[in-house]
Amino acid sequence: MIKDKNIYVTQPLLPPLEQVTNYLKEIWSDKWLTNMGAKHKLLENRLKDILKVQGVSLFNNGTIALLTALKALDLPYGSEVITTPFTFAATPHCIAWNGLVPVFCDIDPETMCINADAIEKLINNKTSAILGVHVYGFPCDVEKIDMISQKYNLKVIYDAAHSFSTEINGRGIGSFGDITMFSFHATKLFNTVEGGCLTYSDPKLEDRIYNLRNFGIISEEIVADIGLNGKMNELQAAIGLLNLDIFKEEQCKRAVIKNTYNKNISGTKGIRIPQLLENTTDSYQYYPIVIGQDYPITRDELYAKFKSINIMTRKYFYPICSDYECYKHMPSSCKSNLPIANDMKNRVLCLPFYGDLPVDICNKICEVIRDPY
């Protein structure tokens, strides 16, 4: 048993407290707490460079950002958006909250992202968009999805909550599709405590997103659209600016943890470690393993084993979205339509993965995986 305290899947990246205090003094001096202040604007500009994108709009959280992304694209009310069931609840919820219908597509067994080869059979005259999720930082097949979207004149949105700084052939992952959402929640590699952003290439989207994020207000006397309050405040932006200075160091630390896991559990019978494509950089957000049928115990038994010694792994994603009460009645939620997703939900386990994970704990995790008895 691990003593003193539980070991969790992640820990928040925190900048030095004295630097936070210095930024707070500046904010207190300026007396500008929200409504797109100086730190907000600076963070947007710095993120453009880091994410290698043309446009960035900050939000108070990733869910509000994704809600706004779907609204900004003016998808016909009641139309269908093809997405994955193997994702966090916010993904289909944002579709439904916009008066759209989520249609679940099965996933690729290797990347666990939406299976691009299965998308076309779900397209009909009600389909308006595809919403892909870069699961655990493994990119969707963006090239194939782009071809499908052009063929059928569909919008493409990506949920890149797990993919901060990921690149494909040197291109920022937020530059694919029409709009991409990044989450800056405290559990993410880069965080602003809560927060998120949208990235896009079409300059026309900037004003549209700006207005929707600010109640639809254009000026003191004109409210032109039905917007919401999605603004990031200056305190969040300050944390973000400080974390931008240290997130690469955190990635380097996580790379060491990843190498330790790879070295010690690769080759273990019944354990598969999903791999990135060679042309893709790692966000180092999660470290998932897939438990096969030839492993001595089930995924749930391994999860329980870890929990019994105060190591909190995560069955992520379980249940999948098509299992939720609010979605399981839909035709696309039928298990026969989603065989891979329904299999993977019982096999994936995310291990503790953060830069300050003690070496002895990392080794203990590997020991348990190699010999779960």
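Reader: Which residue of E9 stands opposite phenylalanine 59?

Author: In this predicted model, phenylalanine 59 faces glycine 196 of E9.

Reader: What makes E1 and strand E9 (residues 196-200) a pair, and in which sense do they run?

Author: Two strands pair if DSSP finds at least two bridges between them. E1 and E9 are joined by five bridges, and they run antiparallel.

Reader: Why is strand E1 (residues 55-59) called largely enclosed?

Author: Buried means under 20% relative accessible area. Five of the five residues of E1 are buried, so the rest of the structure largely encloses this strand. Both of its faces are covered, with Gly55, Ser57 and Phe59 buried on one side and Val56 and Leu58 on the other. Helix H6 (residues 204-213) lies across E1, E8 and E9, at about 5° to E1.

Reader: What makes E1 an edge strand, and of which sheet?

Author: The open sheet has seven strands in the order E1-E9-E8-E5-E4-E2-E3, with mixed pairing. E1 and strand E3 (101-104) are its edge strands, as each pairs on one side only. From one strand to the next the twist averages 25°.

Reader: In which sense do strand E5 (residues 155-159) and strand E8 (residues 179-183) run?

Author: E5 and E8 run parallel and are joined by three bridges. Aspartate 159 has methionine 181 in E8 as its bridge partner.

Reader: How do you know that E12 and E13 pair?

Author: The requirement is at least two bridges, and E12 and E13 have two, in the antiparallel sense. Arginine 272 has valine 290 in E13 as its bridge partner. These strands belong to an open antiparallel sheet of three, in the order E12-E13-E14. E12 and E14 each have a single partner strand, so one side of each lacks a neighbour in the sheet.

Reader: Why are the buried residues of H11 said to line one face of the helix?

Author: The buried residues of H11 are Ile361, Cys362, Ile365, Cys366, Val368 and Ile369. Viewed down the helix axis, they fall within an arc of 160°, so they line one face. The exposed residues Val359 and Asp360 are on the face turned away from the buried side. Among the elements against which the buried residues pack are helix H8 (247-265) and strand E13 (287-291). H8 itself lies across E13 and E14, at about 20° to E13.

Reader: How does the reach of helix H11 (residues 359-370) stand against the expected value?

Author: H11 has twelve residues and reaches 17 Å from its first C-alpha to its last, close to the expected 16 Å.

Conventions
Residues are numbered from 1 along each chain as its sequence is written. This is a predicted model: local features need pLDDT of at least 70, side-chain atom pairs count only at pLDDT 80 or more; totals for chains, interfaces and linings use all residues. Side-chain values use heavy atoms; hydrogens and water are left out. Helices (H or I, at least four residues) and strands (E, at least two) are DSSP runs, numbered from the N terminus. The expected span of a helix is 1.5 Å times one less than its number of residues. Buried means under 20% relative accessible area, exposed over 50%, partly exposed in between (1.4 Å probe, protein chains only). The arc is that of the directions from the helix axis to the C-beta atoms. Contact means heavy atoms within 4.5 Å. Axes are lines fitted to C-alpha atoms, for helices over the stretch in contact, and angles run from 0 to 180 degrees between N-to-C directions.
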